[in-house]
Amino acid sequence: MNNSDIKLPNFLIVGIQKAGTTSVYNYLKQHPEVYLSPVKETDFLEKDWEKLIEQGHQFKPKKIVTFEQYKNLFKGVKNEIAIGEISPNYLFHYKTSTELIKRYVPNAKLIAILRNPVERAISDYLMHVREAQSNTSLKEQIQYKSDKSFVIIKGKYYQPVKHYFEHFGREQVSIFLYDDLRKNSKKFIQDIYKIIGVDPDFEPDTSRKLQVAQVPKNQAVNNLLVRKNPIRSLSANLLKPLLSEKKRQKLRSLLIGMNSKSKDEIDSFDEEKQLLLNLYHDDILKLQDLIDRDLSPWLTI
């Protein structure tokens, strides 16, 4: 197949993190008329990577940083009607992403899934705790770093959505709510099928819920299992002659699972919820008018 024959996405799910995009990716993949990038989050349209390379920046080998690499993700397209990818940071990086979308896939249908920003921030924070990427409590981030913490900033949707509307028009941008995904996942995904132009009557298996949130029982143990460290490296070297890489990863996942508990078991974050709601209140009201949806449930704890 020549490069000129490779088709590019005609739809993108642009946001937002912690709003069910992994489940949506799974439901979309089941549809016979849909082709999705085998890399769930390509992030190619997030920043001008090629320009950054010219400036001397270096990236991991598997990072999608050139248009050639991006095109290759879609070389498997056959007769599918809808071709797409899901990169939930495109909404967050709205200024650069809109420019790159215009450059590479200007006619793609754009879909954003928005979640109650208070719930989203807590879920995001817990993910960072689980992955040993956070040394600051959520309360501290709210009180002292609210203008710098990505966990918090990502919940301010009004300006990003307004920017997308202004640059692509409302007919090209569709807004969905995570609340609706939780209420009726089948109807939710069938509404997306309509937007991207495939058979809306197809019924995917939506019984499997992905990415159930968990947090560590013991953070020190979690750090040993998740972060690179001498003990983890030594254990891996000792196990290499005995277990395949796949079995070693399975063992590590099992240990992480044994050291995890459901987020429902932990503190209810009552104080943090109120602080977050104070931060998001005005943004929610402006967003409500912008998208003409009742967001009053987001304004109560």
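Predicted model: local features only at pLDDT ≥ 70, side-chain atom pairs only at ≥ 80, totals over all residues.
Me: Where is Q17 found, and what does Q17 touch?
Reply: Q17 is in the loop between β1 (11-15) and α1 (21-30). Residues up to four places away in sequence are not counted here. Beyond them, Q17 touches E41, P88, N89, R120, D124 and K154. A contact needs heavy atoms within 4.5 Å.

Me: What makes L114 buried?
Reply: Its relative accessible area is 0%. The cut-off for buried is under 20%.

Me: How far apart are L114 and I175, in sequence and in space?
Reply: In sequence, L114 and I175 are 61 residues apart. From C-alpha to C-alpha, they are 7.4 Å apart in space. L114 and I175 are also in contact.

Me: Which other residues are in contact with L114?
Reply: Leave aside neighbours within four places in sequence. The list then includes I16, L91, Y157, V161, F176, L177, Y178, L287 and W298. One of these, V161, is a buried residue of helix α8.

Me: Which residues of helix α8 are buried, and what do they pack against?
Reply: In α8 (residues 158-168), Y158, P160, V161, H163, Y164, F165 and F168 are buried. The buried residues of α8 pack against β1, α4 (94-104), β4 (109-114), β5 (173-177) and α14 (270-291).

Me: What follows α8?
Reply: G169 does. Its phi is positive, near 85°.

Me: How do you know how many cavities of 30 Å³ or more to count?
Reply: A cavity is a space where a 1.4 Å probe fits but cannot get out. By this rule, the count at 30 Å³ or more is one. The largest cavity has a volume of about 40 Å³.

Me: Which residues line the largest cavity, and which helix gives the most?
Reply: F44, K47, D48, W49, E50, L100, R103 and Y104 line it. α4 gives the most, with three residues. α2 (49-54) and α4 each supply at least two.

Me: What makes four of the lining residues charged?
Reply: Asp, Glu, Lys and Arg count as charged. The lining divides into four nonpolar, no polar and four charged residues.

Technical notes. Residues numbered from 1 in each chain as written. Heavy atoms only, no water. Helix = DSSP H or I, 4+ residues; strand = E, 2+ residues; numbered from the N terminus. Buried < 20%, exposed > 50% of the residue type's maximum accessible area, 1.4 Å probe, protein only. 1 Å grid on protein atoms, 1.4 Å probe; cavity = no way out; pocket = protein on both sides within 12 Å on 5 of 7 lines; lining within 4 Å. Points joined across faces, edges and corners; volume = space filled by probe spheres on them.
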